[in-house]
Amino acid sequence: VICVASRSVEDDAGHAHFYTRKIDDNGEHRAESYHSAGPTLPYPDFVVWDDDGLLCAIVVENRVAVYLSNAPEFVLLGTVYIGSRSVPTSGVTSAKFVHGALFCCTWNSVHCVLLGDLNGGVCKMDTYLLACTELAMIPEKAPKDDTVFSFAPKVLPLPLAQPSVLGYQSGSLIVSTLRGVQAIPLSSPLMRIGLLLAAGQVERAVKWFDGVPDSDHEALASFLERRGHPELILQLPGLSLETIVDASMRFAYVDRLEDVVET
């Protein structure tokens, strides 16, 4: 799959198309062996792929659309808005896939996009602000807002300037900026669980469940379901009876439902 964008003149809005190879092209790499896939897209600021060539992100200002290229299918997984809707921010300046998760940067902030189940078409994606320079973007520091989200990872205030993600090292996200290299800790249980699940390390992710208070297990259950791992929900001891029954019925966990009835 390739993305071709074109603009006739400088003030033209431009457009883009994804092209994929025809099934019966006999393995030839000619232009006529490709055909457009999907609708006409806005002219992108840039397009990034993961190392395996499966995940693709097309960026238009603050909007990021994520696609899955799994021959012969090419599907849109979903779109996310990067930045703060209440605080004016610039568009996304860089993006990088790292072990199944997408990290996006604006000129003064770093965000993490966790994808959901890649096998069911459109998936549910969660976006978390990891670090930023503008304090008004941080939920617990925002003016006229005393809400503190205990379940979400804490946002690290950093003097960022044009950050660009390099990768992981020793449990931190390494970011290059105009002021030097910065390390953003990814030590919150939520980020550990989400990133390990994205990388396919399910057993290691389960070990971090103990780091989440029982009072947050209802929220964690919804988080695990959005990540495409409902089989892990019933391992949480802090779930209410209603949640256990609901999950058992929706995902056909008959044995657990029988245990609840007998108990």
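**Strands, aromatic pairs and an enclosed helix**

F103 is buried, with a relative accessible area of 0%, where buried means under 20% relative accessible area, exposed means over 50% and partly exposed lies in between, as computed with a 1.4 Å probe on protein chains only. The structure is a predicted model, in which local features need pLDDT of at least 70 and side-chain atom pairs count only at pLDDT 80 or more, whereas totals for chains, interfaces and linings use all residues. Residues are numbered from 1 along each chain as its sequence is written, and side-chain values use heavy atoms, with hydrogens and water left out.

A search of the whole structure finds five aromatic pairs, a pair being two rings of Phe, Tyr or Trp (its six-membered ring) whose centres lie within 6.5 Å, with planes under 30 degrees apart counted as stacked, over 60 as edge-to-face and the rest as tilted. One of these pairs is formed by F103 and Y168 and is edge-to-face, at 6.0 Å centre to centre and with 90° between the planes. This pair links distant parts of the chain, since F103 belongs to strand 9 (residues 101-105) and Y168 to strand 13 (residues 164-169), 65 residues apart. In contrast to the buried F103, Y168 counts as partly exposed, at 33% relative accessibility. Elsewhere, F18, Y67 and F74 form one aromatic cluster.

Charged side chains also sit over rings, a description used if NZ of Lys or CZ of Arg is within 6 Å of the ring centre and within 35 degrees of the ring normal. R7 lies over the face of Y43, at 4.3 Å from the ring centre, and R227 lies over the face of F223, at 5.0 Å from the ring centre.

The strands and helices named here are DSSP runs numbered from the N terminus (strands, E, at least two residues; helices, H or I, at least four), and two strands pair if DSSP finds at least two bridges between them. In general, strands of a sheet pair through backbone hydrogen bonds, either parallel or antiparallel. An open sheet of three strands has the order 1-2-3, with antiparallel pairing. Strand 1 (2-6) and strand 3 (34-42) stand at its edges, each with a single partner strand, so one side of each is left without a neighbour in the sheet. The twist averages 25° from one strand to the next, with axes taken as lines fitted to C-alpha atoms and angles running from 0 to 180 degrees between N-to-C directions. Five bridges join strand 1 to strand 2 (residues 15-21) in the antiparallel sense, and S6 stands opposite H15 in strand 2.

Strand 6 (residues 63-70) is mostly covered, six of its eight residues being buried. Strand 6 pairs with strand 5 (residues 55-60) in the antiparallel sense over six bridges, and R63 in strand 6 is the bridge partner of V60. These two strands form a hairpin with two residues between them, and E61 in the turn has a positive phi of about 55°. Strand 6 is also joined by eight bridges to strand 7 (residues 73-81), and the two run antiparallel. Here N70 has E73 in strand 7 as its bridge partner, and strand 6 and strand 7 likewise form a hairpin with two residues between them.

Helix 1 (residues 189-198) is largely enclosed by the rest of the structure, because seven of its 10 residues are buried. L190, M191 and I193 are among them. The buried residues of helix 1 pack against several elements, including strand 9, strand 13 and helix 3 (217-226), where contact means heavy atoms within 4.5 Å. Helix 1 is followed by G200, whose phi is positive, near 80°.
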